[in-house]
Amino acid sequence: MHAVEAHDLAKTYPPGTKALDGLGLTVGQGEVLGLLGPNGAGKTTTVKILTTLTRPDSGSARVAGHDVLRRPDAVRRVIGVVSQRSGADPAATGRDNLLLQGHLYGLAGAALKERTARLLDRFDLGEVAGRQVKTYSGGQQRRLDVALGLVHRPKVLFLDEPTTGLDPEARAAMWEEISRLAGDEEMAILLTTHYLDEADRLAGRVAIVDAGRIVAEGAPGRLKGELRGDAVHIELKEETAGASEALSTVPGVREVQVDGRRLSARADDGAAAVPAALAALDHAGIAVASVTVARPSLDDVYLKHAGRRFAEA
Amino acid sequence: MTALMTDTWWMTARRLKAWIRQPALLVITLVQPAIWLFLFGNLFKKVVQLPGFGSGSYLDYLVPGVVVMSAVSSSMWAGMGAIEEIDRGTLNRFLVTPVRRSAIMNANLVEQAVSTAVQSLLIVLLAWAAGAEFSGGIGGVAVLVVASVLLGAVFAAMSNTFGMLIRQRETIIGLSVFLLLPLTFLSSAFMAPALMPEWMRHVAAANPLNWALDTARAALSASPDWGIVVIHGAWLLALAVVMVGLSIRTFRTYQKTV
Ligand SMILES: Nc1ncnc2c1ncn2[C@@H]1O[C@H](COP(=O)(O)OP(=O)(O)O)[C@@H](O)[C@H]1O
Ligand SMILES: [Mg+2]
C-alpha cells in the first residue's frame, strides 16, 4: 500500500484557471517525494486536495489507505501539514500554539507537555517558546510550523515549500531538519518546492509538475541520467535564424533546442563537442557570445519535459 | 458530543487568551458608549417631557438603547477576525486537523458572547454610577445582557458569513457603516415608539435590534411584562440560531473556493 496515491486529479478554479489537469502521483511508505514545479504549476492545489482542505472536480486520492473524499476525518488524523503560508497564531506563544495543536488531535496532560517540550527543544525554539509568535524571525516561525505539523506523530507529512522566503542560513538549517525527518522509516513525506537544488538534495524521488500534470518522475539521479551525456549551452551575440540547423550537423550533438539567443543541446562528451560546434556556427556566420558545458541538472530535466527553462516558467 | 465540547473548549480558550492579553481594547470599546450615554443623556434630557414619552428619566430610558447598540456595533467587526485568520492561513491549519467545524464557529460565538456580556455589564455600571436607575432590578439587567448577547450573536454570525464569503475588509466596514445607525434609529433606542411616525413604527417592528430592546425594556420596567420578554426574546433566539446555522454552512462554501 502506498502512503499517498492520487489518480487523475483535476481542478479548475472559477472563472477558468485550470490548476490541475489529470495529475497522478504516489508516495511510498518512508519515502520523500519531491513535487517540483514553478509557481502556478499546481503544487499547492495538489497538497490542498490530499490534505482534505479542498475537493477535486474529478479524480481520486487515498492517503494512508483512506479515501480523501469519503473519509476526510480518517485522513486528517494521520496527516501532518505544513502549508505554504504559516498558519501559526501570531498572538499566541509558540508553546501555546503547540499545545493547542496537540489538543485538537486529542492529546493532553503530561504526554502532551513532554511532546511539546521535545519538539521545542529539537527545533531550537526553547528560548522563544514563551514569546508571541509575531516576534519570531522567519526561520523560527517556519521551524514552529514544522513542529506544529509533527505534534501528533503523523504517518504522512506534507511540506508545502518549507524554505521559500528563508535566508540561506535558515534554509540550510531547515534542510538539515528535513533530512533528519526523511530518515524516519515510519513517515512518508510529500515535499513541494520550486527550488531544483532543494528537490535534488532532499527527495528520494522527484515528480516534475507543469501546468497541472506530472511531466516526468523518478529518482533525481535517474532523471538526470536519462539525459545521456552533458548539457552544452551556447549563447549567441544575437538571435539568428539557422543556428539550430548549423548546430545539429555536428556529430555527437543531439536534442538541440532554441530559446531566443540561447541554444541548448546534449553531447556524449561535451568538451569534445565544443570545438566542432563552434566551427559549425562560425562556418554559418553566426557569432557566439559564450559557451558552457555542464553535467545534467534537474533544470535540464525540466527543459526536456516541459519544453522551457525552469527559471522562465 | 463530548468531542465537540472539548474541541469547542480548546478553541474558545485560545480566543479568550488572546482577548485577555489586550485589556486596553475593552477600555476603547467603552469610550463610545460612554459618549453616547453622557452626550445624549444630557442633550435630550427634556425629551421625556414630551406628551406620550412615558418615562421618568431619559438616562434610564437611554441605557438599554446604548447597551444594545454597542452590542451590535462591536459584533459587526467579528468578520474582520475571520478574514484575518483566513489570510494568515490559521483557519486552513485548523481545517486540516480533526477539529469539528462547528467547534471553530462555536468558539467565535462564545468569545463574542463573553465580550458582549462584559461590555454590556460595564455600560450598565457606568450608567448606574452616573445616576441611572434600574426598576427591574438584577433580573431586568440580566435579561438586558442576555438580549444583547443574542443580538450580538446575530450580527457576529452575519459578519463572519460575509467575511468568509467575500473576504474583503471593506465589506465588513461597509456593513457596519450602512447598518448600525439606521438599525439604531429605526428602533426604540433613543425615542419612544409612541412618538415615531407611523411608517417608522412598522419598520421598527421588523428590526431585530428593536426586538432586543422590547425584550429588555419589558424586563427592566417596574412591573415586568414577562409575556413580552418571552415572545420577543424567542424571536431573537430563533434569528440567532438561523444566522449561526448559516455561518456554519458557509464553511462548506469557503472550502470550495480555497
Ligand atoms: N483559491 C484559488 N482561487 C483561484 N485560483 C487559484 C486558487 N488557488 C490557486 N489558483 C490558481 O491555480 C493555479 C495553481 O496554483 P497553485 O496550486 O497554488 O500553484 P503552485 O503551488 O504550484 O505555485 C495558479 O494558476 C493559481 O493562480
Ligand atoms: Mg504553492
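A:R142 counts as buried, at 6% relative accessibility. Its salt-bridge partner is A:D145, with N and O 2.8 Å apart. A:D145 is buried too, at 4% relative accessibility. This is a predicted model. The points below cover salt bridges, the magnesium site, surface patches and backbone features.

**Salt bridges**

- Over all chains, the count comes to 24 salt bridges.
- A:R142 and A:D145 both sit in helix 5 of chain A, residues 138-150. They are 3 residues apart, about one turn of the helix.
- A:R122 pairs with A:E177 in another salt bridge, where the closest N and O atoms are 3.5 Å apart. This pair links distant parts of the chain: A:R122 is in helix 4 (residues 109-122) of chain A, and A:E177 is in helix 6 (residues 168-182) of chain A. The two residues are 55 residues apart.
- A:R122 is partly exposed, at 32% relative accessibility. A:E177 is buried, with a relative accessible area of 7%.
- In chain B, B:R88 forms a salt bridge with B:E85. Their closest N and O atoms are 3.0 Å apart.
- B:R88 and B:E85 are separated by about one helical turn, because they are 3 residues apart in helix 4 (residues 78-88) of chain B.
- B:R88 is partly exposed, with a relative accessible area of 24%. B:E85 counts as buried, at 11% relative accessibility.
- B:R88 and B:E85 also belong to a network of salt bridges.

**Magnesium site and helix 1 of chain A**

- The magnesium ion (ligand 2) has two protein donors: OG1 of A:T44 and OE1 of A:Q84.
- A:T44 is in helix 1 of chain A, while A:Q84 is in the loop between strand 6 (79-82) and helix 3 (94-104) of chain A. The pair therefore ties together parts that are 40 residues apart in sequence.
- A:T44 is partly exposed, with a relative accessible area of 22%. A:Q84 is also partly exposed, at 35% relative accessibility.
- Helix 1 of chain A (residues 43-50) is mostly covered, with 7 of its 8 residues buried. The buried residues are A:K43, A:T45, A:T46, A:V47, A:K48, A:I49 and A:L50.
- Just after helix 1 of chain A comes A:T52, with a positive phi of about 70°.

**Surface patches**

- A patch of positive charge on the surface gathers A:R55, B:R249, B:R252 and B:K256.
- B:R252 is in helix 11 (residues 226-257) of chain B. B:R252 is exposed because its relative accessibility is 56%, and exposed means over 50%.
- A nonpolar patch on the surface is formed by B:W77, B:I173, B:V177 and B:F178. Together they have about 440 Å² of accessible area.
- B:F178 lies in helix 8 (residues 169-185) of chain B. This residue is exposed, with a relative accessible area of 65%.

**Backbone features**

- Most residues other than glycine have a negative phi, and most peptide bonds are trans.
- The peptide bond from A:P14 to A:P15 is cis, with omega near 5°. A:P15 is in the loop between strand 1 (4-13) and strand 2 (17-27) of chain A.
- A:D124 has a positive phi, near 60°. A:D124 lies in the loop between helix 4 and helix 5 of chain A, and is exposed with a relative accessible area of 59%.
- A:A211 has a positive phi as well, near 50°. A:A211 lies in the loop between strand 9 (205-210) and strand 10 (213-218) of chain A, and is exposed with a relative accessible area of 52%.

**Spacing in chain B**

- B:Q32 and B:F53 are 21 residues apart in sequence. In space they are 26 Å apart, C-alpha to C-alpha.
- B:Q32 is in helix 2 (residues 23-43) of chain B. B:Q32 is partly exposed, with a relative accessible area of 46%.

Notes. Residues are numbered from 1 along each chain as its sequence is written. Chains are lettered from A and ligands numbered from 1 in the order in which they are written. This is a predicted model: local features need pLDDT of at least 70, side-chain atom pairs count only at pLDDT 80 or more; totals for chains, interfaces and linings use all residues. Side-chain values use heavy atoms; hydrogens and water are left out. Patches are made of residues with over 30% relative accessible area and no salt bridge: like charges are joined within 9 Å, nonpolar side chains (Val, Leu, Ile, Met, Phe, Trp, Tyr) within 5 Å. Accessible areas come from the Shrake-Rupley method with a 1.4 Å probe; for residues, only the protein chains shown count as cover. A salt bridge is a side-chain nitrogen of Lys or Arg within 4 Å of a carboxyl oxygen of Asp or Glu. Lys and Arg count as positive and Asp and Glu as negative; His and the chain ends are not counted. The place of a charge is taken as NZ of Lys, CZ of Arg, CG of Asp or CD of Glu. Helices (H or I, at least four residues) and strands (E, at least two) are DSSP runs, numbered from the N terminus. Buried means under 20% relative accessible area, exposed over 50%, partly exposed in between (1.4 Å probe, protein chains only). Donors are N, O and S atoms within 2.8 Å of the metal (3.2 Å for Na, K and Ca); water is not among the atoms, so sites may look incomplete.
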